[in-house]
Amino acid sequence: MKNINLILFLGIFIISCTSDKETIEMDNFLKSFNLNINDYKVICFVPVDGCGTCIDPSLNYARDARKDYLLVMSSMYRKSIDITAERIQIYDHNYVADYANLSMKKGLVTPFSPCYYFLRYGKVIRKLDLNQTNNKSGIIGEVEQFFIEEDANIEKMEKTK
Amino acid sequence: MRYLTYCITIYLLLTNCNTNSADEESRITLEPTSESIYIKLGKREINETALSQYFSDKDSNYLALLNDKYNSIDIYNLDKKVLSYKIRIEKEGTNAFIGKFGFIIKNLDTIVLISNWPPSVAIINTEGKITKRISCEKDENGKFLPFAIPLRGLNGIIKGDILNIVNELSIRQYTGKFTASDHKLLKIVTSVNLKQGNVKILPLDYPEKLIDKDVFNMSKCWEKGYDDNFIFSFSILSDLFVTQDFINYREIPLETDHELKLPENMFKYATDLQGFLNYEKETDAIKDILYDKFRQYYYILIRKHEQELNNNEEYILKNTLYPDCFIIILDKDFKHISEINFPKGVYYFNNMFITKEGLYISEDHVDNPIYSEDALRFRLFKVSKK
């Protein structure tokens, strides 16, 4: 029994540390673009040189997304980001152009598929790397659902105040 | 005694002559010269490419680059150092050409597009208008084999009106293993008559050596060389395979001073792209074969395995796009001449071409201190004696 408790404790400790590490990395990343982590609920990193079918659903969603959804386009080529922004016709305030490919250097995204981070009160609570799944468009439903749940939670909290 | 002295003298003379000739060959090398090419690029032009081709037309020299970011073929005039043509490949409409495509240019009037899926060939003019289409979904005997993506090392080869294209290796087993029945069914090359539109799968088999081997993610490359030889390489085998008739091969062991670590058993990475890229870094592979018809040498480009492994995502990507390589020089009879090493982080081996002057290698490696996205830079290398 003691052992199980210890394993559980260690498990929770490791998960919590990983999540904290991701939050710190994310916070540092956003600060380098003068952005505040508390302003976003979903942050999506898209390696724009990845294959079209992998990245297009995420890029297209960002075009008309809410203000608390942030798209980060990353590449080692400035032209790739500019061409992609032109192709999907996204407005400046909806995305961050990571020309220095900082997100990949920091391991926030892999070279070929988008990676999503779900945040609550400025803390990463979940990471979804599309590299691990073949369904690259199913994520949009999850993002929408997350926004609905988070909005409901906030509404509930405001009512209890 | 006099007879013995004569014999010894003649023997020494002969030995000396042979040594001299061997020494001379081993002294052949590729040296960078002070000559270079610099072309300023526009907003919509790039220097990172999966396919480039040098050609000459009406006394002008050109370099065509596949621009997959703008879905175009960018043709530069090397004499004037300017972009002469930008051929946009449309995805919709009457001039649409879909699938992963490559190109092979005979001259400015014969620009051939090759698509892997659906397998098809088209001739396009410099305005982007498709003037001829040939569907390759079935050959003249009703057989079908998909094309491999016709990019660097694997591009189509034109001889007269005949365009030869390498087929995709589509094995039947979901285990990555190349079986005896695959060997019987699958053929390497399809030929397309550009004038008559006939499509024919050629009888050349894959090498028997591949039977029972895991061929998942095995890369291939080929080149047309001296005396109409077609030379193939398969990344899991160290030999070169040479054919003239597309029926039989000659197997030629590739001599090298390096101990090549060839890839093997890659099926375990079927659902793990990251794992595959990591594994690729640990192995060597023939990346391209270039034949220098002006000097009758082959340049075998080998991607080198990494000495120090690094799991950083950006490092893996950079290493995949800009691998460290060396070149083995073979003579026209595939005899080993010498090997050329290059400094790390300077040359971009995806973009190189041969002219009368020598071998031009791109200097657009992202780690090169002079790197800029707005320039195309090449250094001229000349074959010389050490």
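I begin with K293(B), which is found in the loop between β18 (285-292) and β19 (297-303) of chain B; helices (H or I, at least four residues) and strands (E, at least two) are DSSP runs, numbered from the N terminus. This is a predicted model, in which local features need pLDDT of at least 70, side-chain atom pairs count only at pLDDT 80 or more, and totals for chains, interfaces and linings use all residues. Residues are numbered from 1 along each chain as its sequence is written, while chains are lettered from A and ligands numbered from 1 in the order in which they are written.

Is K293(B) buried or exposed? K293(B) counts as exposed because it has 12 C-beta neighbours inside 10 Å. By definition, a residue is buried if 20 or more other C-beta atoms, placed from the backbone, lie within 10 Å of its own, exposed if 12 or fewer, and partly exposed in between. From S135(B), K293(B) is 158 residues away in sequence and 32 Å away in space, C-alpha to C-alpha.

I turn now to chain A. In α2(A), the buried residues are I55(A), S58(A), L59(A), Y61(A) and A62(A). They cover an arc of only 160 degrees around the axis, so they lie on the same side of α2(A); the arc is that of the directions from the helix axis to the C-beta atoms. The face turned away from that buried side carries the exposed residues G52(A) and T53(A).

Finally, confidence: the predictor gives the complex an ipTM of 0.82 and a pTM of 0.88.
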